Amino acid sequence: MALPCPLITGTPTMRPLWLLVALLALSQALPFEQKGFWDFTLDDGMLMMNDEEASGADTTSGAPDLDSLPPTFSAICPFGCHCHLRVVQCSDLGLKTVPKEISPDTTLLDLQNNDISELRKDDFKGLQHLYALVLVNNKISKIHEKAFSPLRKLQKLYISKNHLVEIPPNLPSSLVELRIHDNRIRKVPKGVFSGLRNMNCIEMGGNPLENSGFEPGAFDGLKLNYLRISEAKLTGIPKDLPETLNELHLDHNKIQAIELEDLLRYSKLYRLGLGHNQIRMIENGSLSFLPTLRELHLDNNKLSRVPAGLPDLKLLQVVYLHSNNITKVGVNDFCPVGFGVKRAYYNGISLFNNPVPYWEVQPATFRCVTDRLAIQFGNYKK
């Protein structure tokens with residue numbers, strides 16, 4: 001069953017029990033039913049849109065089986081932390097280092113919002129049952145090459161908003177989800193993800209990554225379902241990402257065009273995010289390599305026309321084209337000619353904030369839309 005990428009971090013007042021309950025609930029969610037699938041770039045917890053289809057990626061295990069673990073060492077809890085049901089919450093304490101005396105049966109360790117600058121060799125010694133490690137918003141710039149060695153069951157590593165200049169070495173082979181956005185990473189070398197056969201989701205946006213920063217083969221061996229490289233310095237769509245991807249988010253970059261074979265490798269995509277770029281041109285035929293695409297974000301670009309090829313995407317349901325330079329919408333720009341060709345009708349088309357004379361758009365243009373409320377027009381302001 002595919003495992004989405006739920007966000008278990010939260011506000012400083014979050015209770016430890018809530019963390020574990022949320023983790024257990026989300027791990028048992030149906031594939032790609034994203035009621036608990038959080039948008040990584042938002043801290044206020046806005047939910048992403050639901051999708052009815054499975055993501056197609058498999059994982060070998062879900063949340064930890066608490067009944068199979070040894071008895072809780074309830075008397076062991078680091079000073080100032082909250083410990084309950086194998087959850088250790090040490091967030092917002094001004095910690096400079098990883099605390100000692102963490103119970104060996106801990107499954108979730110929350111160290112976010114502290115001042116930790118280094119992860120040392122024995123910081124996680126004995127934590128062989130740890131399932132999730134939250135290190136968001138610290139000052140980590142150095143990680144010992146064996147720091148994660150004891151974490152043989154770790155599946156979720158959240159180490160965003162730190163000072164890392166490279167992806168940590170020797171990540172646990174059990175890892176399913178890695179959030180490393182908002183660091184200072186400029187390079188993804190070949191082999192850095194070697195051996196991570198269970199990895200399903202990587203969030204690495206908010207790093208100063210350019211296209212040249214990805215070495216050939218950097219993602220070799222990965223069978224990712226979800227990848228986000230938003231808010232970086234990409235000028236084109238990377239061509240060597242995992243071909244297993246169901247979701248690819250490259251929003252808030254500097255991409256200027258989509259050329260014919262840019263998407264050739266990504267035929268399994270359900271959702272493609274390219275909003276907030278500088279895209280002026282999408283070459284004819286580029287979108288034909290995405291037969292399973294359901295959602296396409298091209299808002300806040302510089303397109304002057306509706307991209308060619310949308311009527312041929314039989315499963316496409318959502319298209320964001322608002323805030324572009326589109327001046328005309330043709331009667332066959334969205335819907336195929338003839339009935340019974342499109343397998344899923346549109347439930348969302350956004351065209352607002354474009355210089356389109358909307359009164360000239362023919363009603364038949366949206367003949368394959370479920371409801372007129374699904375079409376978003378709006379005033380254009382120069």
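The model on screen is predicted. The torsion about this S-S bond is 115°, which makes the link of Cys-81 and Cys-90 right-handed. Cys-81 is buried at 12% relative accessibility, because buried means under 20%. Cys-90 is buried too, at 0%.

Next, select Cys-77 and Cys-83. These two also form a disulfide, with 2.0 Å from S to S. The link of Cys-77 and Cys-83 is right-handed, at 80° about the S-S bond. Cys-77 is partly exposed, with a relative accessible area of 26%, and Cys-83 is partly exposed at 30%.

How many disulfides does the structure hold? There are three, and the one still to be visited is Cys-335 with Cys-368, whose sulfur atoms are 2.0 Å apart. Here the S-S torsion is -85°, and the link is left-handed. This pair connects distant parts of the chain, 33 residues apart: Cys-335 sits in the loop between β16 (318-320) and β17 (348-350), and Cys-368 in the loop between β17 and β18 (375-376). Both Cys-335 and Cys-368 are buried.

Now show the aromatic side chains. Seven aromatic pairs are counted. Start with Phe-124 and Phe-148, a stacked pair with 6.2 Å between ring centres and 15° between the planes. Phe-124 lies in the loop between β4 (118-119) and β5 (132-134) and Phe-148 in the loop between β6 (142-143) and β7, so their pairing ties together parts 24 residues apart in sequence. Phe-124 is buried at 0% relative accessibility, and Phe-148 is buried at 2%.

Move on to Phe-334 and Tyr-346. Their ring centres are 6.1 Å apart and their planes stand at 90°, so this pair is edge-to-face. Phe-334 and Tyr-346 both lie in the loop between β16 and β17, twelve residues apart. Are these two residues buried or exposed? Phe-334 and Tyr-346 are both buried.

For another charge over a ring, select Arg-294 and Tyr-270. Arg-294 lies over the face of Tyr-270, at 4.3 Å from the ring centre.

The last stop is Ile-159, in the loop between β7 (156-158) and β8 (177-179). Ile-159 is buried, with a relative accessible area of 0%. Which residues does Ile-159 touch, not counting residues up to four places away in sequence? Display Leu-119, Leu-135, Ile-140, Ile-143, Leu-164, Arg-179, Ile-180 and Asn-183. To finish, select Asn-138 as well: Asn-138 and Ile-159 are 21 residues apart along the chain, and their C-alpha atoms are separated by 8.3 Å.

Key:
Residues numbered from 1 in each chain as written. Predicted model: local features only at pLDDT ≥ 70, side-chain atom pairs only at ≥ 80, totals over all residues. Heavy atoms only, no water. Helix = DSSP H or I, 4+ residues; strand = E, 2+ residues; numbered from the N terminus. Buried < 20%, exposed > 50% of the residue type's maximum accessible area, 1.4 Å probe, protein only. Contact = heavy atoms within 4.5 Å. Disulfide = S-S within 2.5 Å. Phe/Tyr/Trp six-rings, centres within 6.5 Å; stacked < 30°, edge-to-face > 60°. Lys NZ or Arg CZ within 6 Å of the ring centre and 35° of its normal.
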